[in-house]
Amino acid sequence: MKQYIFITNQYLPAPGATGLCVHNVASEIAHRGFSVSIICYSNDGKYHESSYDNLSVYKVPVPFFLREMSNKRKLLNYTFRLLSMTAKLIHIRDYPLRSKLLCSRYVKTIKKNLEINSQTTIIASYTPLEAVVAMLNIKKTYGDITTIFYSTDTLSNEKGNDGILSLKTRTAKGIKWEKRIFSVVDRAIIMECHKNHYLGEQYKLFHQKMVTANFPLLRSQDNPILHKSKTCDKLLVYAGTLYRRLRNPSFLCMLLNRVSQCLPIRVVFMGGGDCDDIMNSYVDESDGVIRFLGMQSHSVAMKYIDECDILLSIGNTGSPMAPSKIYEYMSTGKPIIHVYSWDEDPCIEPLKKYGNALLLDERENVDINKVSRYIEESSIVPYSDVKIKFASATPEFTADLICEVNQMQ
């Protein structure tokens, strides 16, 4: 039987964005009758074996500085940052690789628990790079396996300041890594928001291996409804990470406080990142309108998404990567309020295509009455309409790209 092995980072029950994408695609492949295993992070320093949705899950211990952290105390936060910086310095020649130990643990776990043969396909996601390196190392031993690079992020097309290396150096190192990866793998699945970058001249030798997809988070919801409370107030929900420099919540919180003066609303923010202090200040200022739950499990986040009237989104600043949660949002058919501060925000075009979103430029004066009317006149778009517009964002689409590689060989 054909065997598919996914190597990724944070997975269920508290997955990261990449882990959730992997789960949706892996579940679809398992549904087709194939053997599917997941190799992923364990945050407690121990090896674990479990299962989710007919998937065999093997969790490997990861270094402290790679774990998903939330609500960190000052001393713990300082330790976390110090270890992370130290790891970057130790592995600076191999940036952005940060743990060769994790690479070896991935490889050890696969060899110990799974039988590798010519019917095996390994799909390694980036992030993390350690997963991809582990796949390349296994390929050295088992040359007849099929390998697929699942690039939900990019090594060479990011912006901002990482604190150690310049943007130019990081980009150069990213390109070097990608060319090494592309030269070995049988297929590279890249996100549509990076299509123009990867189809550039510097990757010409590898274009025949590249296919584009979108985040596979578009899935039919069970009877989505708009929440109706006894007090007739509207529930607005933000689910996702918050970062000072990349995805700052300040403008949105100020906007919602103003809206609450003329319309009864309740607002819930949840997610990790580095904005706990910012969110807590707006919670106090809002007099109970805004709640901040911090990091939550995916099941809790989905419960709030299912119950809300309006979904909230914040555009990335200076990053071409569209937040994957946009496609999970659009699965519900519910209205979305999206704020942005960058003309090239990759969420703008998908949300315009979606057609049930209010886009607000943070650099302009926002009409509060317009926002209030939008919230009051909430409606749902049928999933069938959304699926037609965004077929490449379904798990079935990416699963087809993976399974067809074996058919071609």
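## Close-up views of a predicted model

**View 1. Asp385 in its helix.** Asp385 lies in helix α13, which spans residues 383-389. Everything shown here and in the views below comes from a predicted model. With a relative accessibility of 38%, Asp385 counts as partly exposed, because that class covers values between the buried limit of 20% and the exposed limit of 50%. If you look for Tyr354, you will find its C-alpha atom 8.9 Å from that of Asp385, although the two residues are 31 positions apart in sequence.

**View 2. The whole chain, for orientation.** The protein chain contains 14 helices and 14 strands. Its radius of gyration is 21 Å, close to the 22 Å that the globule rule gives for 409 residues, so the chain is as compact as a globular protein of that length. Along the principal axes, the C-alpha atoms fill a box of roughly 65 × 50 × 45 Å. Of the 409 residues, 56% are buried. Among contacts with a separation of 6 or more, 70% are between residues 24 or more positions apart. The accessible surface of the chain is about 18,500 Å², and carbon and sulfur atoms account for 50% of it.

**View 3. Helix α7 crossing helix α12.** Here you see α7 (residues 250-259) and α12 (residues 368-376), whose axes come within 10 Å and cross at roughly 80°. That angle makes α7 roughly perpendicular to α12, since angles of 65 to 115 degrees fall in that class. On the α7 side, the contact is made by Leu255, Arg258 and Val259. On the α12 side, the partners are Ile368, Val371, Ser372 and Ile375. Sorted by type, the residues of this contact are 5 nonpolar, 1 polar and 1 charged.

**View 4. Helix α7 alongside helix α8.** Staying with α7, we now turn to another of its neighbours. How do the axes of α7 and α8 cross? They come within 10 Å and cross at roughly 10°, which makes α7 roughly parallel to α8. From α7, Ser250, Cys253, Met254 and Asn257 take part in the contact. They meet Ile278, Met279, Tyr282 and Glu285 of α8. The residues of this contact divide into 5 nonpolar, 2 polar and 1 charged.

**View 5. Tyr327 and the residues around it.** Tyr327 sits in helix α10, residues 325-331. Is this side chain's residue, Tyr327, buried or exposed? Its relative accessibility is 4%, so Tyr327 counts as buried. Leaving aside residues up to four places away in sequence, Tyr327 touches Asn214, Phe215, Leu217 and Leu218, along with Pro350, Phe390 and Ala393. For a sense of distance, the C-alpha atom of Tyr327 is separated by 33 Å from that of Lys139, which is 188 residues away along the chain.

View 6. The bond from Leu12 to Pro13 is cis, with omega near 15°. Pro13 belongs to the loop between β1 (3-7) and α1 (17-31). A cis bond also joins Thr127 and Pro128, where omega is about 0°. Pro128 is placed in the loop between β5 (120-126) and α4 (129-141).

**View 7. Two aspartates with positive phi.** Most residues other than glycine have a negative phi. Asp53, however, has a positive phi near 50°. This residue is found in the loop between β3 (48-52) and β4 (55-61), and Asp53 is exposed, with a relative accessible area of 52%. Asp287 also has a positive phi, of about 55°, although it is not a glycine. The loop that holds Asp287 runs between α8 (276-285) and β11 (290-292). Asp287 is exposed too, with a relative accessible area of 72%.

**View 8. Lys204 in a loop.** Our last stop is Lys204, in the loop between α6 (195-198) and β8 (210-213). At 52% relative accessibility, Lys204 counts as exposed, because the exposed class begins over 50%. The C-alpha atoms of Lys204 and Ile189 are separated by 15 Å, and the two residues are 15 positions apart along the chain.

Terms used
Residues numbered from 1 in each chain as written. Heavy atoms only, no water. Axes fitted to C-alpha atoms, helices over the stretch in contact; angles between N-to-C directions. Helix = DSSP H or I, 4+ residues; strand = E, 2+ residues; numbered from the N terminus. Parallel < 35°, antiparallel > 145°, perpendicular 65-115°, else oblique. Contact = heavy atoms within 4.5 Å. Nonpolar A, V, L, I, M, F, W, Y, C, P; charged D, E, K, R; others polar. Rg over C-alpha atoms; globule rule 2.2 N^0.38 Å. Buried < 20%, exposed > 50% of the residue type's maximum accessible area, 1.4 Å probe, protein only. Areas by Shrake-Rupley, 256 points an atom, 1.4 Å probe, with all protein chains shown as cover.
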